[in-house]
Amino acid sequence: MNPQKVPFWLRWLVPVVLVIIWLGIAGVGGPTFGRLDEVSSNDQASFLPAGAEATEAGNWQAKFRDSKEIPAVVIVENGTALTPAQLGEAAQLKADIEALKLGDAVVGPLPSEDGKAVQFIVPIASSDELRDKIQELRDVVQPGAPDGTRAFVTGPAGLTADLVNAFGGIDGILLLVALGAVFVILLLVYRSLVLPLAVLLTSVFALCAAILLVFAMAKLGWIQLNGQSQGILSILVIGAATDYALLYVARFREALTHTTNRTRAVLTAWKASFEPILASGATVIIALLCLLFSDLNSNKALGPVAAAGILCSLFAALTLLPALMALLGRAAFWPFRPKLLPDDEREPELVTGLEGQKGLWRATASLVSRRPRAIWVASVLLLLVASAGVLQLKANGVPQTDVILAASDAVDGQDALARHFDAGSGSPAVVVASEDSAQEVLDKVKAADGVGDAYLLADGNVPITGAPGTPTDPVVREGKVLINATLDSAADSIEAEEAVKSLRAAVKDVDAGALVGGVTATALDTNMTAQRDLVVIIPIVLVVVLFILMLLLRSVVAPVLLVLSVVLSYAAAMGVSALVFNGIFGFPGADATVPLFGFVFLVALGVDYNIFLMSRVREESLKHGTRPGILRGLGVTGGVITSAGVVLAATFAALGVIPIMFLVQLAFIVAFGVLLDTILVRSLLVPALAYDIGHRIWWPAKPGRQADAVARPREEERTAVGR
């Protein structure tokens with residue numbers, strides 16, 4: 001087919017219109033990227049399920065206060081006992097803080113028992129400007145602290161502000177690092193300047209579309225967007241869109257060796273790559289949407305956010321990139337343009353499957369054909385050994401002070417607070433009890449292990465202490481009273497969580513309807529819910545992925561083996577990650593959601609590469625027989641899939657630039673897991689196992705069996721001649 005026979009509308013009009021449409025999407029979506037903070041929240045409590053005890057307690061707590069304020073704790077400490085002059089300056093500091101008008105009345109200065117520190121409780125109006133208000137407070141407190149002392153701003157408000165600051169690089173640094181890494185890899189892969197730019201443009205435009213979609217969903221209140229899902233969205237879209245683009249470009253380049261007509265090559269490549277790209281995208285999307293079965297609202301939010309990103313990546317790879325290739329043609333590969341092959345070299349007759357291959361992937365395919373059983377058995381044993389490390393994984397949550405890996409004034413303040421006061425000061429546990437059993441519950445709370453002090457709340461948030469001039473009647477709301485309990489341990493520590501567990505059991509002995517909430521209870525319920533989600537969602541994801549693979553490959557055996565291979569790969573990645581986290585990075589533990597997120601991403605993305613491989617193997621098996629088809633499929637997809645794996649690993653590794661423990665851990669798990677899956681599982685384990693099993697891999701279907709019957713005598717004849 002020559003260019004004159006291709007209609008003008010197909011050759012120029014359709015590609016140009018598609019590019020213009022995507023330019024419009026990027027023009028609107030790009031500026032929206034900076035507005036995601038408008039619909040984003042990092043408030044941990046808002047991500048709990050509605051049925052969690054801490055959530056119910058928080059709802060009741062709101063009825064006992066007139067505003068939605070978050071407490072900040074200002075602590076001023078000295079190496080020795082504070083002098084009278086320093087105490088006087090601390091009193092003046094209170095006036096300076098109140099002048100900022102950040103919220104209700106400031107409480108303090110409250111001296112410590114050792115006389116070396118004082119603290120202030122500063123209510124901060126809960127608003128989108130929390131970070132700015134904390135900075136204002138620090139700008140007053142730190143230079144205004146008494147001479148010779150150090151001042152910190154911590155507490156729930158201070159920690160939240162520092163957490164938001166840590167996420168600050170998501171809008172700029174993360175994206176630049178990810179795009180830079182991808183660009184360098186594409187330059188090395190293609191040795192061309194034009195093609196990497198076209199692929200990156202596809203990824204960036206896909207991200208712009210995803211941002212528009214996510215912003216709209218958040219604005220309508222369908223999802224709760226937070227910093228971690230925002231960062232994962234950027235990485236996932238860039239990585240996935242680039243992977244799909246690599247697969248399409250590989251088929252386009254192959255098509256250009258068969259025709260001089262670039263439009264024909266574009267359509268041939270589109271038809272060849274449509275099914276695997278669609279199946280891959282659908283697998284990831286459905287696997288991510290399985291997070292909707294989570295009880296944790298933050299997990300529920302990530303599912304649709306990430307699925308929207310994959311959907312946009314899919315559309316960009318199947319519309320924008322083909323349009324760009326239709327306009328550029330062979331010029332996209334300059335200076336190494338693909339050449340038209342002679343007719344007799346375009347479809348080589350396969351006997352062993354190694355014909356027409358060269359270099360590393362011919363050597364790999366040859367090794368698989370000579371020692372299939374030894375290779376897959378050794379691979380499985382290696383993965384099983386690596387999986388043993390998962391027993392060292394401590395994914396039961398970490399204190400909030402350990403979540404931020406960068407320097408944090410709030411974290412330093414929590415340490416200072418623990419040195420001089422009850423460690424839970426400023427972040428009390430909250431007990432909501434019946435008015436009739438108020439005194440009994442209060443007595444139980446005071447006697448509970450891990451509780452330093454407790455009091456009933458009176459008017460104006462004043463504690464009932466029994467001292468002259470203090471209120472004698474508690475505040476009652478709908479027959480309930482509120483008790484604040486200061487814990488002996490830091491509010492975000494494992495010890496504090498154990499204290500909350502004991503407290504819950506104690507108060508329910510005298511009031512079955514009593515609720516225990518607060519910062520510690522929120523963290524505890526988050527961890528417990530995350531562990532429940534892990535047990536529920538993993539089987540759902542596996543069933544969904546297995547079903548999609550069965551539809552794609554028209555087989556039962558192959559999909560089962562592929563799912564088992566990615567599960568084993570996931571276990572090995574988690575095992576190695578646990579050893580690295582404990583022995584090299586020295587992390588105190590891992591967020592309870594890390595195993596679940598790691599599973600969803602590694603299983604979905606790991607199946608991606610097996611879809612790319614096995615869909616091509618099936619295609620070649622129909623023509624040449626199963627075993628030659630396996631070697632041919634491995635050879636022709638080896639380079640592109642390995643490149644895709646390296647790109648995806650690099651993009652996820654970019655998450656490590658954000659100093660949040662959860663993101664750093666997820667970055668390592670996914671990056672290492674993708675490389676493990678790409679290099680070992682997809683390149684050796686799966687091909688060797690499939691080669692060893694032969695045509696039975698397609699059971700109950702029989703693709704390639706006729707071709708097997710023809711190929712087998714040829715291969716036997718070739719082997720005999722070789723002897």
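This dialogue works through several features of one predicted model and how to read them.

Me: What kind of model is this, and how are its residues numbered?

Reply: The model is predicted, so local features need pLDDT of at least 70 and side-chain atom pairs count only at pLDDT 80 or more, whereas totals for chains, interfaces and linings use all residues. Residues are numbered from 1 along each chain as its sequence is written, and side-chain values use heavy atoms, with hydrogens and water left out.

Me: How many helices and strands does the chain have, and what percentage of its residues count as buried?

Reply: The chain has 23 helices and nine strands, where helices (H or I, at least four residues) and strands (E, at least two) are DSSP runs numbered from the N terminus. Of its 723 residues, 55% count as buried; buried means under 20% relative accessible area, exposed over 50%, and partly exposed in between, with a 1.4 Å probe and protein chains only. Among contacts (heavy atoms within 4.5 Å) between residues at least 6 apart in sequence, 82% join residues at least 24 apart.

Me: How should I read a salt bridge, and how many does the structure hold?

Reply: Side chains of opposite charge can pair when their charged atoms come close. The criterion here is a side-chain nitrogen of Lys or Arg within 4 Å of a carboxyl oxygen of Asp or Glu, and the structure holds 18 salt bridges. One of them joins the side chains of D295 and R532, at 3.6 Å from N to O. This pair links distant parts of the chain, 237 residues apart, with D295 in the loop between α9 (262–289) and α10 (297–328) and R532 in helix α18 (residues 519–553).

Me: Which other residue forms a salt bridge with R532, and are the residues involved buried or exposed?

Reply: R532 also forms a salt bridge with D533, the closest N and O atoms being 2.8 Å apart. D533 is buried, at 0% relative accessibility, whereas R532 counts as partly exposed at 32%, and D295 is likewise partly exposed, with a relative accessible area of 32%.

Me: Where does a salt bridge lie within one helix, and which residues are linked in a network?

Reply: An α-helix has 3.6 residues a turn, so residues three or four places apart point the same way. In helix α17 (residues 494–510), E498 and K501 are three residues apart and therefore separated by about one helical turn, and their side chains meet in a salt bridge of 3.4 Å, N to O. E498 is partly exposed, with a relative accessible area of 41%, and K501 is partly exposed at 39%. Elsewhere, a network of salt bridges links E53, R504, K508 and D525.

Me: Which residues of helix α3 are buried, and what do they pack against?

Reply: Helix α3 (residues 84–98) has 15 residues and reaches 22 Å from its first C-alpha to its last, close to the 21 Å expected at 1.5 Å a residue, the expected span being 1.5 Å times one less than the number of residues. In α3, Q86, A90, L93 and I97 are buried. Seen down the axis of α3, these buried residues fall within an arc of 50 degrees, so they line one face of the helix; the arc is that of the directions from the helix axis to the C-beta atoms. The buried residues of α3 pack against β1 (69–77), β3 (117–125) and α4 (130–144), while P84 and A85, on the other side of α3, are exposed.

Me: How many cavities does a search of the whole structure find, and which residues line the largest cavity?

Reply: Rolling a probe the size of a water molecule over the atoms shows where empty space is left. On a 1 Å grid over the protein atoms alone, a cavity is a set of points where a 1.4 Å probe fits but cannot get out, and lining residues have an atom within 4 Å of a point. Grid points are joined across faces, edges and corners, and a volume is the space filled by probe spheres set on the points. The search finds three cavities of 30 Å³ or more, and the largest cavity has a volume of about 70 Å³. The lining of the largest cavity includes A558, L561, M614, L685 and I697, and α19 (557–585) and α22 (661–693) each supply at least two of its lining residues.

Me: Is N484 buried or exposed, and which residues is N484 in contact with?

Reply: N484 lies in strand β8 (residues 480–487) and is buried, with a relative accessible area of 10%. Leaving aside neighbours within four places in sequence, N484 is in contact with P428, A429, V430, D453, A454, Y455 and L457.

Note on methods: On a 1 Å grid over the protein atoms alone, a cavity is a set of points where a 1.4 Å probe fits but cannot get out, and a pocket is an open set with protein on both sides within 12 Å along at least five of seven lines; lining residues have an atom within 4 Å of a point.
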